[in-house]
Amino acid sequence: MIRPSLVRGLRAQLVVAFLLVSVVSALTAAAFTFRQGQSAIVARAQADALRELRAHVAARVPDLPADPGAARLRTLAAQLERAGGARGWRTALSYRGGPLVTAGGQAPPLPAQLRAGAASAATALAQRFHHAGTPWLAVSLPVTAAARPSGRPPLVVFASFSLASQQRDVDALAAAARTGALPVVPASVVLALLAARRLLRPVRRLRSAAERVAGGSLDTRVTVTGDDELADLGRTFNTMAATLQADAEALRAVEARARRFAADVSHELRTPLAAMSAVTGVLDADAASGRLAPLTAEAVQLVSDETRKLTRLVEDLIEVSRFDAGAAVLNLDEVDVAELVAKTLALRHWQDRVGTDLPPGLRARLDPRRVDVVLANLVGNALRHGGPQVRVLVRVRTDAGRIVVTVSDDGPGIPDDLLPHVFDRFTKADTARARSDGSGLGLAIAAENARLHGGALTAANAPGGGAVLTLTLPRQTRDAAG
Amino acid sequence: MTRVLVIEDDPAVRRGVSLGLRHRGHETLLVATGEDGLAELVASAPDIVLLDLMLPGMSGLETCRRIRAFSQVPIVILSARDDDVDVVVGLEAGADDYVIKPASSEVIEARMRAVLRRTTQSASDGRTRSTHGDLLVDRVALRVLKHGAEVALAPTELKLLLFLSAAPEQTFSRQQLLEQVWEHSFHGDYRLVDACVMRLRSKIEDDPRSPRYIQTVRGFGYRFGPL
């Protein structure tokens with residue numbers, strides 16, 4: 001699992017986006033419907049009221065004398081108020097800009113703005129306003145004398161009535177819009193989850209496939225269905241995996257060929273070297289006998305020496321290819337570690353040049369021949385590169401079921417730029433002496449031997465100077481060879 | 001001077017080994033095939049055989065088996081193969097020791113000398129004859145009899161038996177045996193010991209699977225008896 005939150009994150013984003021879109025569109029639709037309905041209801045109420053008022057006014061105004069008194073006007077207002085019974089409007093009249101005349105005691109609520117406008121308007125005006133917490137509609141209707149169509153209307157009829165019933169209609173409309181819009185939220189969440197699930201399934205499959213590829217299973221492929229962008233992505237992924245697989249196989253084949261070639265070359269070199277090695281003794285003896293011409297003796301000695309070096313190099317190459325081929329096997333035995341170290345030193349006549357710090361009676365199960373090779377290499381390197389006066393110390397300790405062997409010297413240490421590469425093949429500590437006694441494979445082989453035991457070999461420089469090589473081995477090496 | 005039969009198919013190696021050994025004062029008989037080697041062995045009775053494992057025709061392993069079928073001449077395998085299995089099979093087929101090519105003539109000679117010494121050294125031991133169960137070990141005549149009949153032992157087998165039976169019930173590690181019997185000073189190949197013990201058991205034990213004479217001490221090595 002690289003990022004389990006990825007799918008959850010994408011799913012959340014998808015759901016939120018889907019939800020937002022659907023809520024916004026539901027709300028917009030509801031609001032639009034509501035707004036349209038509301039204005040339609042109000043406009044219709046206004047138009048109806050005006051039409052009725054105009055009809056009543058038209059029916060009654062002709063009866064009006066030229067200069068009606070307040071009583072006549074009050075009667076007219078009362079008549080008009082009665083006529084609009086169903087609508088429940090209240091009326092007031094204003095004659096020639098005079099004060100409002102009403103039928104009863106109380107004047108209808110009229111916004112000041114409407115009154116001001118109506119005084120000079122030639123047409124009917126309407127205004128909505130709030131009175132005592134309910135919406136009201138006020139209309140003004142100028143009544144012009146037929147003889148004098150222009151000029152200020154002598155009589156203005158005002159009427160205002162409550163829009164409470166219309167408001168109830170509008171409220172019902174709003175409630176309907178709300179109840180229509182609200183279920184959209186859970187519905188869209190469910191739909192979004194379903195869509196996300198469907199959409200993310202191939203993403204999830206791609207992710208686990210990519211994880212498998214990252215884990216090294218280059219033969220991983222995803223099943224591609226459909227023809228959408230995700231299917232394209234799946235196809236691209238498959239192509240990529242196939243290319244990777246082919247490349248990796250080609251690389252492996254090249255590497256295997258190179259290794260096989262190195263192994264074959266080494267083996268082919270062995271036979272002529274076997275013939276040459278068998279006669280180096282003859283050459284050495286003759287070169288040292290003094291019977292040969294000096295140049296010949298030198299040449300003979302050179303051939304003999306280089307044959308030995310070449311033999312060692314080929315042996316090391318074969319050992320390395322054995323590790324590469326996984327053909328190196330451990331021959332485990334239970335041994336006394338101190339004895340093993342002492343023997344390694346004694347066999348090479350190093351016991352006088354190398355100090356030891358060995359715990360007595362420490363037994364371990366390991367491959368003595370391989371450990372001997374490692375120790376000989378580490379100590380040999382220390383003696384070779386530490387200078388003529390170098391002091392080398394081999395120290396053995398146990399640490400949590402492991403044996404820790406350190407080979408330290410007081411020489412110049414390992415150059416920092418070389419330190420990461422000391423276990424690489426053909427890395428040589430002393431570049432000025434490009435061809436030293438070693439094959440350049442010694443430390444690489446030593447490291448492989450340590451690994452074969454399930455241990456490790458590390459190189460470092462001591463704080464006080466000098467190189468420190470540390471070999472760590474399990475006390476009970478498991479027999480991998482069975 | 002030792003008469004050495006070299007069975008080696010590669011002419012250069014054959015010549016090289018011959019040169020090196022002759023330079024050290026030995027006499028060499030050179031053949032290129034296992035068949036010729038068997039014939040030469042019968043005809044010349046060499047002191048020791050150097051046997052290449054990779055031979056055309058009859059393989060080195062087969063040659064080794066055929067030699068052991070009628071002769072206990074010391075055999076040292078001369079193998080260019082690093083294939084461990086071949087070496088083990090060679091040892092199980094009756095070879096006394098092995099040298100991995102390329103090897104200097106000093107190394108080859110050292111192995112040869114050690115193998116040859118095996119057949120002669122133990123004669124100076126104090127006890128000359130001892131009986132262990134059904135076995136009679138004669139340290140002067142260098143022979144072993146079981147139920148009165150002589151057991152044909154290869155040089156290493158004989159020396160290992162002489163060494164172990166000289167100190168009955170004492171356990172020796174494989175490393176000790178390698179040093180004492182094979183004269184390997186280096187960390188040697190323990191399979192030499194194991195293969196030799198196996199061969200020895202098949203010759204002297206009544207049931208090689210539950211040995212009485214050469215007993216395994218798990219984790220340490222081998223000991224003779226207790227019977």
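A residue counts as buried if 20 or more other C-beta atoms lie within 10 Å of its own, as exposed if 12 or fewer do, and as partly exposed in between, with C-beta atoms placed from the backbone. This is a predicted model, in which local features need pLDDT of at least 70 and side-chain atom pairs count only at pLDDT 80 or more, while totals for chains, interfaces and linings use all residues. Residues are numbered from 1 along each chain as its sequence is written, and chains are lettered from A and ligands numbered from 1 in the order in which they are written.

In helix H10 (residues 442-452) of chain A, 9 of the 11 residues are buried, so this helix is largely enclosed by the rest of the structure. Helices (H or I, at least four residues) and strands (E, at least two) are DSSP runs, numbered from the N terminus. Among the buried residues of H10(A) are A:Leu443, A:Ile445, A:Glu448 and A:Asn449. Their cover includes H7, H9, strand S11 (456-461) and strand S12 (467-474) of chain A. After H10(A) comes A:Gly454, with a positive phi near 80°.

## Helix H8 of chain A

Helix H8 (residues 337-347) of chain A has as its buried residues A:Val337, A:Leu340, A:Val341, A:Lys343, A:Thr344 and A:Leu345. They pack against several elements of chain A, including strand S6 (333-336), helix H9 (368-385) and strand S10 (402-409).

## Helices H6 and H7 of chain A

The axes of helix H6 (residues 229-289) and helix H7 (residues 294-324) of chain A come within 7 Å and cross at roughly 150°. Axes are lines fitted to C-alpha atoms, for helices over the stretch in contact, and angles run from 0 to 180 degrees between N-to-C directions. H6(A) and H7(A) are therefore roughly antiparallel to each other, a term for angles over 145 degrees. The contact of H6(A) with H7(A) has 14 nonpolar, 9 polar and 6 charged residues. Ala, Val, Leu, Ile, Met, Phe, Trp, Tyr, Cys and Pro count as nonpolar, Asp, Glu, Lys and Arg as charged, and the others, Gly among them, as polar.

Chain B has 8 helices and 12 strands. Of its 227 residues, 43% count as buried.

In chain B, 26 residues are in contact (C-beta atoms, placed from the backbone, within 7 Å) with 25 residues of chain A. On the side of chain B that touches chain A, helix H1 (11-23), helix H5 (105-121) and helix H8 (190-204) of chain B each supply at least two residues. H1(B) gives the most, with 8 residues. By class, this side of chain B has 10 nonpolar, 8 polar and 8 charged residues.

Conventions:
Angles under 35 degrees count as roughly parallel, over 145 as roughly antiparallel, 65 to 115 as roughly perpendicular and the rest as oblique. Two residues are in contact if their C-beta atoms, placed from the backbone, lie within 7 Å.
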